[in-house]
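Q: I have a model open and want to learn to read it. Where do we begin?

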Amino acid sequence: MSAPALETRGLSRRFGGLEALSDVSLSVEPGTVLGIIGPNGAGKSTLINLVTGHLKPSSGSVCVDGREVTGQRPWVIARAGVARTFQIVKPFRELTVRDNVAIGAMFGPDGAGSVKDAQRRADEVLERVGLAGRGEVPPGELDVADARRLELAKALALGPRLLLLDEVMAGLRGSEIEPALELIRSLRDEGMTIVAVEHIVKVILSVSDEVLVLHEGRELTRGKPAEVVKDERVIEAYLGQRYAKRMAGGNGDA
Amino acid sequence: MATDTQAEKPASAEGPGGARRLGFLSGRAGWAAAAVALLVFIALPTQLYGSQQRTLAAAFMFVALAQGWNLIGGFAGYPSFGNVVFFGLGGYTTAILMAKAGASFYVALPAAALVGLGFAALMGVPVLRLRGHYFAIATLGVAEGMREVVLNLDGLTGGGSGLTVPAVGIEATTSYPGNAGFYYMFLALAVLATAVVLWVSRSRFGYGLRAINQDEDAAAAMGIDTTRAKIGAFALAGVITSLAGAMYAFQQVSIYPARLFDVQFTLLMVVMAVIGGSGTVVGPVLGALGLTFLSEYLRDNLTDYHTLVFGVIIVAAVILLPQGLVRFVQEGWRTRRFSLLDNVRAYRL
């Protein structure tokens, strides 16, 4: 049995008096998708920031592929094969879309190639996320959906083994969601481990192997998607009664 | 549209930065222009008076200073207001080694570079943790503080009355190069500094710095060791700037703290890089040459008001060309529109 792709033990982070995240322990098997849901302020983004080193934990530990990376700087963790997207997209505004993505190819775990090689690899990634032909454009000219795709492309260009997605589908229209889900599934099928924070419950349920529900910084429950949505506490804290009724009514639309 | 792609073809063939970023003064036309300019500058001194050689030497020195600032302020986006500290340290290292240790200038020069490198790396560790205004203020503070330190170490530095570099007679360790000699020395430094910036702009290192400039958290998430990259940029700036200080100290012969740690050097190098185009290769060259000549012209023709007029022109340039001359021309070249009013609107100044 190989080590979990991601494992946290008793992970906590306080901001002054506020417990943004307390005592979260989780373990994600390689090649699976963990979905994280929860209301605003539940600690979802904090969890991602703790894993990627953008925040340092107050206590607890983070292991990636069995290697402890607790409190390491973000680039050390990135080079260990962990890529992420940001909830508020962070393009490098004065670089072209291609160069934005090429940065990941240059500095990722198996980077260090020439700038030209990185740009070639960037074009492949752009094609994969559906941004083929937009390489020369400045990121400011992309619409919301394409900006999300760029954010994802930047992360993929790193060639990660573990991919953390922070609401990468926010702002996508209905017709744009299915191709995005398809992409996530195909990445998982290639062996990538994915942790996806998402607000759209339908999205998370359809793609996750397991779901973690956070509430006020704590784990409320975790399990198979179908079990989690039936959990009384989850309905109470997050989904709401109306959602539960609709689910009970037999149609899966949220 | 057809002319557009034609005009950008050589650029995409030339540089890895992508045709949209380059296009102007890149590709073969850019290299040809640079080669011609360099040949003219090499041939020129025989046609010039000593005072004109000195003005050009100063212009070349400012090219180097502006390029040094460009690395940390333009590429990495850390607006240093204390680069004069490297200038002063380079100058004092040279003067002390030549006056007190009897060293040759050609020994003192690399020593000055090492001091600039070491101090930039040392100072970078704490101050590069600060961002934006805080970084600017901290660097300004270090430079001002260093001037006081040098002032008070009078056993070594001669305090407020300064040091005299032995330049003539039997005490001279290196024969004084004269106006033409310093002209070529500063020209070589300007070329070296610009070559370093050109290399950076095309390297992984340079892409990393640009990423840091635009979003440091995202840059770190992409695997860029932001601490190392920033200190690297600062150290390169330190080397270039301290080399300029070393040459300046030798050229001036007598140096004192108020002269070598003059905050005006910092201001001029920032303004030159920004007006020419910070984060570009050519911008700081144009900014430094242009503003040095403008300043000289005003001094000759407006004895009483030249500083005031110079200041007004700088303010106007910053308002009308906030992105710098090079980017303004690049964008105009791409969109076929050159309008300063549009420009002001686009950058919402």
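A: With one bridge in a predicted model. Asp166(A) has Val197(A), in strand 8 of chain A, as its bridge partner.

Q: How many bridges join strand 7 of chain A to strand 8 of chain A?
A: Five, and the two strands run parallel. Strand 7 covers residues 162-166. Strand 8 also pairs with strand 3 (residues 33-37) of chain A, in the parallel sense, over four bridges. There, Leu34(A) stands opposite Val195(A).

Q: What do strand 7, helix 6 and strand 8 of chain A make?
A: A right-handed β-α-β unit. Helix 6 of chain A spans residues 174-189.

Q: Are the faces of strand 8 of chain A covered or open?
A: Start with the general idea. In a regular strand, side chains alternate between the two faces of the sheet. Now the case here. Thr193(A), Val195(A) and Val197(A) lie on one side, Ile194(A) and Ala196(A) on the other, and all are buried.

Q: How do I read two packed helices?
A: Use the angle between their axes and the distance between the axes. Take helix 3 (residues 50-75) and helix 13 (residues 263-276) of chain B: the angle is about 75° and the axes are 8 Å apart. Angles of 65 to 115 degrees count as roughly perpendicular, so helix 3 of chain B is roughly perpendicular to helix 13 of chain B.

Q: Which residues make the contact of these helices?
A: Among them are Phe62(B) and Trp69(B) of helix 3 and Phe265(B) and Met269(B) of helix 13. The contact divides into ten nonpolar, three polar and no charged residues.

Conventions: Residues numbered from 1 in each chain as written. Chains lettered and ligands numbered in written order. Predicted model: local features only at pLDDT ≥ 70, side-chain atom pairs only at ≥ 80, totals over all residues. Axes fitted to C-alpha atoms, helices over the stretch in contact; angles between N-to-C directions. Parallel < 35°, antiparallel > 145°, perpendicular 65-115°, else oblique. Contact = placed C-beta atoms within 7 Å. Nonpolar A, V, L, I, M, F, W, Y, C, P; charged D, E, K, R; others polar. Buried ≥ 20, exposed ≤ 12 C-beta atoms within 10 Å, placed from the backbone. Pairing = 2+ DSSP bridges. Right-handed = clockwise from strand over helix to strand, strands pointing away.
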